[in-house]
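I opened a new model today and kept notes as I went. The entries follow the order in which I looked things up.

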Amino acid sequence: MAVKTPLEVAQYTVQSGIKKAHNPVLSVLILGFMAGAFISLGFLLNIRVVASAPAEWGSLVNLIGASVFPLGLILVLIGGGELLTGNMMAVPLATIARKLSVRSMLKNLTLVTIGNFLGAIFVAYAFGHVLGLTSEGVYLAKVVDMAGHKLHDGFLQAFISGVGCNWLVALAVWLCYAADTMSGKVLGIWFPTMAFVAIGFQHVVANMFLIPAAIFEGHYSWAQYIMNFIPVWLGNLTGGALFVAAAYYMVYLRKSESEVKPELKMATEPEARPMLSKQA
């Protein structure tokens with residue numbers, strides 16, 4: 001079978017969330033580091049491709065950059081990694097389905113946040129600053145401009161942008177889970193991820209690379225970054241946990257009243273009572 005049904009994807013995602021929450025701490029941190037680095041490499045590719053593009057190309061430049069960014073999520077989901085935005089859908093779904101405790105969910109999201117941040121900071125500093133891939137010329141100008149747009153948003157704007165971002169990213173993970181072939185997974189990942197980048201939504205892990213890359217070159221401050229990190233993190237959580245996990249739980253995994261009532265009716269029918277009394 002090439003594609004799972006939505007019900008099968010929901011069931012698979014619950015199992016994936018359980019597995020993620022039960023991974024050893026060291027494994028989560030290592031996989032989190034890898035995922036943060038992968039997303040950052042996708043963003044670095046975006047910057048290196050579009051920074052020197054002619055202004056006359058207009059919005060086509062954004063589309064080109066958005067088209068190469070999905071490399072990061074492809075590496076995470078197929079190569080292996082623990083990405084915060086994906087976990088913000090899978091682990092909460094397992095929690096909503098009462099397979100995990102809220103404490104286990106929060107522990108996993110905290111560890112993955114730390115791992116992703118370390119991986120993103122490594123790429124921003126080692127490849128961006130030390131190697132110079134984002135430290136000079138049009139590449140620095142692009143990083144500073146893009147980071148400035150992210151930091152310009154107020155708390156509510158950053159939160160809502162984060163919701164939109166992870167609604168799409170969580171759906172990219174969902175479509176990847178639905179596919180059983182390599183090509184199907186890549187296509188499932190590609191288009192929702194490309195869409196969020198082209199729209200300009202805020203992704204907490206991508207920002208872990210972009211804004212520190214600008215800070216390392218003397219622009220902006222860590223306090224400004226923290227004030228962006230908080231609403232975007234919360235928005236990404238809301239987008240993944242509410243708009244994908246909770247929504248699909250209600251549709252595919254929650255036992256509806258129509259499924260419960262016939263059982264209750266059968267248990268209270270008069271003809272069933274003599275049988276019960278005999279068994280007693």
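I began with contacts along the chain. Of those with a separation of 6 or more, 84% join residues 24 or more positions apart. I note here that the model is predicted.

Next I looked up the secondary structure. The protein chain has 13 helices and zero strands. I then took the overall dimensions: along the principal axes, the C-alpha atoms fill a box of roughly 90 × 35 × 35 Å.

I checked the confidence before reading further. The mean pLDDT of the protein chain is 91, and 90% of the residues reach 70 or more. Residues 260-280 have a pLDDT below 50, and this stretch makes three contacts in the model beyond near neighbours in sequence. Where pLDDT is low, predicted coordinates should not be read in detail, so I left that stretch alone.

I turned to burial and surface. Of the 280 residues in the protein chain, 46% are buried. The accessible surface comes to about 13600 Å², and carbon and sulfur atoms hold 68% of that surface.

Which residues have the most contacts inside the largest nonpolar core? I found Ile39, Phe43, Leu73, Leu84, Val204, Phe209 and Leu210, in a core of 70 residues. Helix 8 (residues 155-178) gives the most to this core, with 11 residues.

I counted charged side chains next. There are 17 positive and 13 negative ones, and the centres of the two sets lie 10 Å apart.

Then I went through the backbone angles. Arginine 98, not a glycine, has a phi of about 65°. Arginine 98 is in the loop between helix 5 (84-96) and helix 6 (102-130). Tyrosine 220 also has a positive phi, near 65°, and lies in the loop between helix 10 (204-215) and helix 11 (222-253).

How accessible are these two? Arginine 98 counts as exposed because its relative accessibility is 67%, over the 50% cut-off. Tyrosine 220, at 32%, is partly exposed.

My last entry is on histidine 152, which lies in helix 7 (residues 137-152). Is histidine 152 buried or exposed? Histidine 152 is exposed, because its relative accessible area is 66%. Its C-alpha atom is separated by 8.9 Å from that of asparagine 228, a residue 76 residues apart along the chain.

Definitions and conventions:
Residues are numbered from 1 along each chain as its sequence is written. This is a predicted model: local features need pLDDT of at least 70, side-chain atom pairs count only at pLDDT 80 or more; totals for chains, interfaces and linings use all residues. Side-chain values use heavy atoms; hydrogens and water are left out. A nonpolar core is a set of buried Ala, Val, Leu, Ile, Met, Phe, Trp, Tyr and Cys residues joined through side-chain atoms within 4.5 Å. Buried means under 20% relative accessible area, exposed over 50%, partly exposed in between (1.4 Å probe, protein chains only). Helices (H or I, at least four residues) and strands (E, at least two) are DSSP runs, numbered from the N terminus. pLDDT is the predictor's confidence in each residue, from 0 to 100. Contact means heavy atoms within 4.5 Å. Accessible areas come from the Shrake-Rupley method with a 1.4 Å probe; for residues, only the protein chains shown count as cover. Lys and Arg count as positive and Asp and Glu as negative; His and the chain ends are not counted. The place of a charge is taken as NZ of Lys, CZ of Arg, CG of Asp or CD of Glu.
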